[in-house]
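Open the model in your viewer and keep the selection panel at hand. We will go stop by stop.

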Amino acid sequence: LLAAVAIAVSGAIGVYHAGVEAHIFQGLTTCTASGARTLNEILNAPLVRCDQVQFSFLGISMAGWNAILSLSGAALILFLLMKDRRS
């Protein structure tokens, strides 16, 4: 059950991030990703926007795939748990 909850939380984050990419939800005001180690590297790092799709597969962003697969996996776990209890 805890696995289903954790996977569902990941799916909810995916839904939110996909919504930010589609401009449905307001994202964070600043979001960047960098492996910088010094302040100078951080200040000069390229900006990676979280409201733009960085990569997509079959027309769905990676955040969208995270939402689809995570919520499907959580639903499958819950279904199997309920099926096992009925037997």
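Where is the place of Val-9? Select Val-9: its place is in helix H1. Helices here are DSSP runs of H or I with at least four residues, strands are runs of E with at least two, and both are numbered from the N terminus. Val-9 is partly exposed, at a relative accessible area of 45%. Buried means under 20% relative accessible area, exposed means over 50%, and partly exposed lies in between, with a 1.4 Å probe and protein chains only.

A note before moving on. This is a predicted model, in which local features need pLDDT of at least 70, side-chain atom pairs count only at pLDDT 80 or more, and totals for chains, interfaces and linings use all residues. Residues are numbered from 1 along each chain as its sequence is written, and side-chain values use heavy atoms, with hydrogens and water left out.

**Whole chain**

Zoom out and colour by secondary structure. The chain has three helices and two strands. Their order from the N terminus is α-α-β-β-α. Of its 87 residues, 18% count as buried. Now show the surface. The accessible surface is about 6700 Å², and carbon and sulfur atoms own 67% of that. These areas come from the Shrake-Rupley method with a 1.4 Å probe; for residues, only the protein chains shown count as cover.

Contact means heavy atoms within 4.5 Å. Among contacts between residues at least 6 apart in sequence, 58% join residues at least 24 apart.

**Helix H1**

Select residues 2-21, which form helix H1. H1 has 20 residues and reaches 29 Å from first C-alpha to last, close to the 28 Å expected at 1.5 Å a residue. The expected span is 1.5 Å times one less than the number of residues.

Which residues of H1 are buried? Highlight Ala-4, Gly-11, Gly-14, Gly-19, Val-20 and Glu-21. Their cover includes S2 and H3.

Next, pick Leu-1, Val-5, Val-9, Ile-13 and Leu-78. Together they make a nonpolar surface patch of about 460 Å². Helix H1 gives the largest share of the patch, three residues. Patch residues have over 30% relative accessible area and no salt bridge; nonpolar side chains (Val, Leu, Ile, Met, Phe, Trp, Tyr) are joined within 5 Å, like charges within 9 Å. A salt bridge is a side-chain nitrogen of Lys or Arg within 4 Å of a carboxyl oxygen of Asp or Glu.

Move along to Tyr-16, also a stop in helix H1. Tyr-16 is partly exposed, at 38% relative accessibility. Leaving out residues up to four places away in sequence, Tyr-16 touches Phe-25, Gln-26, Gly-27 and Leu-28. Draw a C-alpha to C-alpha line from Tyr-16 to Gln-26: they are 10 residues apart in sequence and 9.3 Å apart in space.

Just after H1, stop at His-23, where phi is positive, about 60°.

Is Glu-21 buried or exposed? Glu-21, in helix H1, counts as buried at 12% relative accessibility. Show its contacts, again without residues up to four places away in sequence: Cys-50, Asp-51, Gln-52, Val-53, Ser-61 and Ala-63.

Follow that list to Ser-61. Ser-61 belongs to strand S2, residues 60-61. Ser-61 is buried, at 9% relative accessibility. With residues up to four places away in sequence set aside, Ser-61 touches Glu-21, Val-53, Phe-55 and Ser-56. Ser-61 and Gly-14 are 47 residues apart in sequence, and 9.8 Å apart in space from C-alpha to C-alpha.

**Helix H3**

Select residues 62-86, helix H3. At 1.5 Å a residue, its 25 residues should span 36 Å, and the end C-alpha atoms are 36 Å apart, which agrees. The buried residues of H3 are Ala-63, Gly-64, Ala-67, Ser-70 and Ala-74. H1 and S2 are among what covers them.

**The aromatic pair**

How many aromatic pairs does the structure hold? It holds one. Show Phe-57 and Trp-65: the ring centres are 6.2 Å apart and the planes are at 50°, so the pair is tilted. Rings of Phe, Tyr and Trp (its six-membered ring) pair if their centres lie within 6.5 Å; planes under 30 degrees apart count as stacked, over 60 as edge-to-face and the rest as tilted. Phe-57 is partly exposed, with a relative accessible area of 46%. Trp-65 is partly exposed too, at 22%.
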